[in-house]
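Please look over the sequence and the model before reading on.

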Amino acid sequence: MAELSEDSSAEWEAAQWVARQMGNEPFDMEGFNAWLAADSQHKPLFDTMWHRIMGPAMDQALNSYGTQARSRRNRLAAGAVGLLALAGGYGAWPSVELFMAQPQDYAAAGGTIRQISLEDGTRLTLAGGAVVRVRYTRRDRLVELTGGTIFADVVHDENRPFRIDTGDARITDLGTRFEVSSKASSVRVTVESGAVRLGAKSWFGKRIDLFADQAGIMAGAEPRRTTDVSRDSIARWRNEWVEYRDAPLSQVVGDLESVSPLPIRIADRTLANLRVSGRIRLTDPLRQVDNLSFIHHFTVQRGEDAVILSHQ
């Protein structure tokens, strides 16, 4: 890693902005944007420095040392602290503290539901093969979701933010109960009560606030709001089995898609309006789609990016 000094002004300025981003003081976004605009090299320089400290390489490096090599892990963390101190920001300590926190890993095997109570009383319900890593410190609460679907009932703490990172998205709790469904192509968030903030994990880009009965999706660089949802339709899979009576196929597929590893698309409106009755196991989405296709005579095509339902 290149040594930083006040003589290398651009690097030093980038390090200062990294430290300010990680600190607890109000961030001067206008000043930051002006600094980015002043030189085309500023943004890539900042990004390189930011990812060096906050990116998965640091996380992987810390984790690879594990508990059996704690002293080496501490030395590596101490190196990070040294860099941050050099960058001018002891205010960045909370982020380093988060990296040093011992993670707790939880998973729900495919087709199963698992409920977890965390130390602050927050409850997570996992399904769809969800895998999460939880790290808590005195000032931060971070859940990393690598795939699948979770429903979070968060105990709000203004002094201790609760965040979920998944894919390129970051969901920040503003006091709420909400569902996060993470697929390879997108992250979808639906809010049952309260509010969350959805945006990219980076410091750049748009963020949107979602309130009760609202949904948003992150399928690219920016989030967008989607059609509002009814409260009783959010995370129905928590009951595992649901009884439908004369429901449109689109509603059933919407419920199944929450825990499906792939998006499920209905090719035409006539099929979407097909009436469906019966008891359906929502935690086993792809098999249930196959069963429905046999009963109602439609075709299921499984591609790499989506499952397509169409008339034969």
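## The second largest pocket

In this predicted model, the second largest pocket holds about 250 Å³ of space. Its lining is made up of 16 residues, and those that lie nearest the centre of the pocket are Arg188, Thr190, Val229, Ser233 and Gly254. Two elements, strand E7 (187-200) and helix H7 (249-257), each give two or more residues to this lining, and H7 supplies the largest share, with 4 residues.

Sorted by class, the lining has 8 polar, 5 charged and 3 nonpolar residues.

## The nonpolar cores

The largest nonpolar core has 30 residues, and the ones with the most contacts inside it are Leu126, Ile164, Ile171, Phe178, Val180 and Val189. At least two residues of this core come from each of strand E3 (123-136), strand E4 (141-153), strand E5 (162-166), strand E6 (169-182), E7 and strand E8 (207-211). A second, separate core has 25 residues, among them Ile234, Val259, Val276 and Val289.

When neighbours within four places in sequence are left aside, isoleucine 171 is in contact with a set of residues that includes Phe162, Ile164, Phe178, Val180, Val187, Val189, Val196 and Leu198, as well as Arg163 and Arg197.

## A buried serine in a loop

Serine 186 is found in the loop between E6 and E7, and it counts as buried because its relative accessibility is 13%, where the cut-off is under 20%. Not counting residues up to four places away in sequence, serine 186 touches Ser181, Ile217, Met218 and Ala219. The C-alpha atoms of serine 186 and alanine 219 are separated by 4.4 Å, although these residues are 33 residues apart along the chain.

Note on methods
Residues numbered from 1 in each chain as written. Predicted model: local features only at pLDDT ≥ 70, side-chain atom pairs only at ≥ 80, totals over all residues. Heavy atoms only, no water. 1 Å grid on protein atoms, 1.4 Å probe; cavity = no way out; pocket = protein on both sides within 12 Å on 5 of 7 lines; lining within 4 Å. Points joined across faces, edges and corners; volume = space filled by probe spheres on them. Nonpolar A, V, L, I, M, F, W, Y, C, P; charged D, E, K, R; others polar. Core = buried A, V, L, I, M, F, W, Y, C linked by side-chain atoms within 4.5 Å. Buried < 20%, exposed > 50% of the residue type's maximum accessible area, 1.4 Å probe, protein only. Contact = heavy atoms within 4.5 Å.
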